Structures are given as structure tokens and as C-alpha cells.
Amino acid sequence: MTRRIAPTSSKSAWHRYQTRMESAQSSRTERELTPEAFKKLLAKLDPNPETAGGKYEELRRQLIKFFEWRGSFYPDELADETLNRLARKIDEGEEIEKNVIALSLGIARFVFLETLKRPDNRRMEMEELATVAAPPERREEDDDLWVVCLRECLRGVSDENRELIIEYYQDEGRARIKDRKILAARLGISLNALFSRAKRTRDKLEECVTRCVKRKSKGAT
Amino acid sequence: MERLQSQEGLIRRYLLGELSAAEQIALEDEYFSDQSKYDQLCQAEDELLDRYARAALSEADRERFERSYLTNPRRRRRVMFARALAQVVDEELAARPPAPQTAGGEQIERPDTGLSWVSHLARLPRGPHFALNLAAALIIGLGGAWFVIETSRLRARLAEALREGETQRGRAQTQARQVADLEAQYRRLAEERERLQAQLQAVKEKASPSYRPTSPSILFALSISAFRDLGGQEPRALIIPRGAEEVRLRLNLPEHEFPGYQVILLTTDGREMFARKGLRPQATRAGYGVIVSIPARKFASGDNVLALSGISGAGEVETIGKAIVKVRRR
């Protein structure tokens with residue numbers, strides 16, 4: 001199994017843990033996750049604390065995507081719940097037959113099935129909703145706000161990354177593939193490496209833009 | 001190549017929530033253990049979002065995408081971001097001056113002018129022969145100079161035309177995207193209008209005192225309790241009038257227990273006459289409901305058995321119960 005780990009310090013994993021514990025004082029399950037359990041989870045991910053922090057962040061990102069791709073409304077919360085349960089299992093000394101990643105996926109599936117039974121998670125297909133709800137209307141001012149925020153956030157990235165985003169996401173279809181090959185050759189990197197760089201920048205921009213839109217929408221109301 | 005395409009198809013179906021439970025589990029196992037597979041999924045998702053944002057998806061794909069993405073607030077935000085990204089990228093590219101270039105990309109050679117040329121001329125021999133040569137040289141020189149100037153002027157005009165063409169192309173791209181967007185919006189509105197008109201017509205017909213159902217179908221409602229207590233209840237009577245072609249069976253569900261349901265019509269000796277799977281519950285004022293149309297001819301006169309099962313999110317079928325329906329024809 002190969003897992004690419006960003007050079008993230010374990011500090012960020014601990015910071016996330018502390019934030020979660022502070023923001024979830026009322027939640028019984030969150031309080032049950034002790035620092036010792038969290039420490040054991042990190043150690044299980046990698047004996048080197050520095051690498052373990054990065055692996056934790058990577059696993060969390062992957063779990064968020066898992067829940068998102070399954071159509072969950074709150075993938076972040078469910079990913080954290082999965083990691084809590086994983087840490088508790090390790091803390092309680094449960095025998096791990098496969099590796100930790102595979103175990104986390106098993107727990108994630110269980111957490112997902114639980115959410116389907118929750119009354120606040122009743123969902124159905126769009127076509128079936130058509131008689132009671134019209135699809136969301138696309139308003140021009142909403143589009144404008146996202147564009148304004150994207151321009152604002154683009155000012156915060158380096159010239160190099162800004163150029164990369166513009167060139168990487170231009171056109172579509174075959175033209176895009178050809179352009180990307182040219183771009184990768186010009187930068188002297190592989191297509192995969194080019195994708196990773198563009199994706200990292202895109203994700204950061206998306207986070208920044210989403211925050212900006214929320215902020216501006218609140219300010220407007 | 002074929003395998004690659006089927007992989008791409010599999011990933012796309014996963015992202016649109018169309019894989020079977022087994023396929024879904026297999027793909028998840030794969031991307032949790034293989035980082036490159038996970039990257040591939042992320043990339044495919046971004047491509048899907050960008051193609052939707054640029055109105056480049058086929059009609060069918062667009063509908064599937066909207067069904068799986070626009071129902072989720074988080075995914076809706078991703079769509080908004082993709083649209084903004086496409087717009088900003090297009091605008092940035094359109095606003096850029098084109099890379100400086102000449103027709104052939106080469107530098108225009110200019111004649112060596114100034115003092116060195118005059119002094120060079122001064123060193124030439126004199127005489128009548130020389131005058132003739134000088135005149136010829138002057139004609140050739142002037143002609144050459146005119147040629148160089150004209151070429152340079154034409155190249156400048158060509159470069160300008162290329163720049164103009166580039167700007168036009170950028171504008172055309174943006175306009176094409178806007179037109180495609182408007183067309184998609186128009187199609188959606190037209191569909192919506194048709195649907196509303198149909199609904200309005202149906203309401204008008206029902207409200208009219210002279211209304212008589214023209215459709216040769218009859219509605220038959222059953223609650224879930226009819227299935228759960230087979231022994232303790234009388235069979236439900238269903239009268240199928242002459243000419244009726246279908247029975248629209250409506251199952252009332254007080255709770256939304258399962259994401260899907262299946263209904264099977266059996267004879268009393270267990271022979272399957274009709275089955276409909278993957279029924280999705282619809283919200284009603286009284287809870288939830290499932291409607292299934294069964295051809296009237298599938299019902300036997302006398303006792304019939306309807307079996308109802310729930311289908312979990314993981315695709316597992318759980319039997320809810322059976323109900324007996326006594327059919328009379330007249």
C-alpha cells in the first residue's frame with residue numbers, strides 16, 4: 001500500500017483534536033476520546049510522530065471524501081466520528097486484523113449506515129421531489145459573489161500558482177488534455193505531479209472562496 | 001484502452017451514485033488502499049464539475065449530475081465554485097495580450113544604416129561605368145529598402161490581425177459558454193413549464209363537474225399494516241372494472257424506513273406474476289408513499305398475494321410482509 005503524505009507536522013493533528021474537544025463539550029462521545037486514545041491512534045498510524053500527524057490528516061481528508069461521495073450532508077462530522085471510534089477501538093486494545101486504514105473504512109461504512117436511519121437524513125431523488133420542490137434557481141448575483149470571492153482569493157496565491165490554475169483549468173475535453181501535457185513538459189514534471197499541484201491550489205482556493213462567500217452573504221443580510 | 005475506459009465509466013458512475021452496493025464497496029476498498037486510485041477519483045470529480053460548469057455534459061449526464069449533486073448543499077457549493085473558476089479562467093485568458101510573434105516567428109532583418117554605409121560608399125571607385133553601377137545600385141537599394149519597409153508593415157498588420165483574432169476567439173468562447181448556459185437554463189425552464197402545465201390541466205380536469213377519469217387505470221391504496229399482520233386481517237377487496245388496464249397501487253408508509261422498496265404480486269400458490277424493484281418513497285402529507293402501476297391482467301380473479309420488501313442503502317432486501325387482495329372483476 002502506498003500512501004503519499006504531505007509534510008505536515010503532528011502539531012496540526014493535535015490542534016484539530018483540541019479544537020474538536022473544545023467545540024464538542026456537550027457531546028458524550030467526543031468527551032470519551034481521551035488524549036491517550038488519540039495518541040495511540042497516531043502511534044498506530046506511524047511510529048514517527050511527525051509522519052503520523054500527516055497520515056492522520058490524509059486519512060481524515062480521505063474519510064471526508066468517502067462520506068461526500070456517498071452523498072452525506074455533513075462529511076466532516078462523520079469523518080471525525082469515524083476517527084473517534086477508531087481511536088477508542090485502538091485504546092480499548094481491540095485486535096486489528098487488517099491495517100488501520102482498512103479498519104477505518106469499515107467503521108466509516110458503519111457510521112454511514114447509522115446516518116441513513118437518522119430521521120434528519122430522509123432524502124429522495126430529485127425527480128421524485130419535482131412535484132413538491134422546484135430545483136434551486138440560479139441567480140446571477142450568487143454567481144457574481146463567487147466570482148468576486150475567487151478573484152479576491154486568487155490575489156492571495158503566488159503568481160506561479162495563479163498562472164498554474166489559469167493554464168491548468170482552461171478549455172475542456174481534448175484541448176485541455178493537450179494543454180496539460182504541454183504545461184507539464186514546460187514545467188518538467190509528470191502529469192500526475194501537475195495534477196497534484198493544481199489540485200492542492202484548487203482545494204485551497206475553494207476553501208478560501210467558500211469562507212469568503214459565507215462571510216459576504218452574512219454581511220449582506 | 002478498453003479497460004481504462006471501463007475504469008473511467010466505473011468512477012463516473014460511483015461519483016453519480018449509480019454503482020451497485022458490491023461495486024461501490026470494491027471501489028472504496030481500492031481507493032482506500034491505493035493513493036493513485038484516490039487521486040484518479042478526485043481528478044474525475046473535478047473534471048465532472050468543470051464540464052458541468054462549462055455546460056459541456058451531455059443531456060443525460062447533466063440530468064444525472066444534477067440529481068446527485070444539486071441535492072446536496074456541500075456539493076452545490078462545489079458546483080458554484082467550478083462555475084466561478086471557469087468564468088475567471090476564461091476572462092483571464094481573454095484579457096491577456098497574445099504572445100508577441102511574427103508570421104514566421106523570426107526577427108525582421110533591417111539594413112545597416114548610418115555613417116558606416118556612407119563611408120563605405122565613399123570608398124567605391126569613380127567614372128562613367130561607376131555612375132551606371134551606382135545608379136543601378138541605388139535603384140536596387142531603394143527597391144530593397146521599399147521591400148523591407150513594406151514587408152515590415154505587412155508583418156505588423158499580420159501581428160495585429162492575429163492579436164485581434166485571439167481576442168475575438170476569447171470573446172467567442174465566453175459568448176459560446178454563456179449561450180450554452182442560457183440554452184440549458186431555457187431547456188430546464190421549458191421542461192418545468194410543461195410539467196406545471198400538465199399539473200394545472202390535471203387539476204382543472206379534476207375540478208370540473210363533468211370530470212370523468214379517462215385513463216383506464218384505477219387507484220388502490222394499502223397501508224403498511226396490511227402487510228405486517230397477514231393472519232389478523234381480512235383480505236382487501238379490489239374491484240377491477242371492465243376496460244381497466246392498470247391498477248395503480250399506492251402504499252402508505254408512516255415512516256421512511258428504507259431508501260427503496262420492492263413489490264411482488266404472487267398467486268396464492270406462490271407463482272410470481274409481477275415484480276417491481278427500486279421503488280423510491282415520495283413525501284406526502286401523511287408521511288411517505290410508494291406508487292406502483294401493475295397491469296390489471298396480472299391480477300387473478302379471487303385471492304392474490306402482494307409481497308412488500310424494503311431495500312437498505314447497502315442493497316440488502318428485507319421482507320416487510322404480505323397482504324392478500326381479493327380481486328373481483330365486473
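Which residues touch the most other members of the largest nonpolar core? In this predicted model, they are Trp146(A), Leu150(A), Val209(A), Ala84(B) and Leu85(B), in a core of 56 residues. Such a core is a set of buried Ala, Val, Leu, Ile, Met, Phe, Trp, Tyr and Cys residues joined through C-beta atoms within 7 Å; a residue is buried if 20 or more other C-beta atoms, placed from the backbone, lie within 10 Å of its own.

**Conventions**
- The model is predicted: local features need pLDDT of at least 70, side-chain atom pairs count only at pLDDT 80 or more, and totals for chains, interfaces and linings use all residues.
- Residues are numbered from 1 along each chain as its sequence is written, and chains are lettered from A in the order in which they are written.

- Beyond its neighbours within four places in sequence, Trp146(A) is in contact (C-beta atoms, placed from the backbone, within 7 Å) with Val209(A), Val213(A), Met80(B), Phe81(B), Arg83(B) and Ala84(B).
- Another core, of 22 residues, lies apart from it and includes Phe220(B), Val247(B), Leu249(B) and Leu251(B).

**Chain A**
- Chain A contains 11 helices and zero strands, taken as DSSP runs (H or I, at least four residues; E, at least two).
- Of its 221 residues, 25% are buried.

**Helix pair**
- Helices α4(A) (residues 49–69) and α6(A) (residues 100–117) pack at about 35 degrees with axes 11 Å apart; axes are lines fitted to C-alpha atoms over the stretch in contact, and angles run from 0 to 180 degrees between N-to-C directions.
- Leu59(A), Leu63(A), Phe66(A) and Phe67(A) of α4(A) meet Ile101(A), Ser104(A), Ala108(A) and Phe112(A) of α6(A) in this contact.

How values were computed
The expected span of a helix is 1.5 Å times one less than its number of residues. A residue is buried if 20 or more other C-beta atoms lie within 10 Å of its own, exposed if 12 or fewer, and partly exposed in between; C-beta atoms are placed from the backbone. Two residues are in contact if their C-beta atoms, placed from the backbone, lie within 7 Å.
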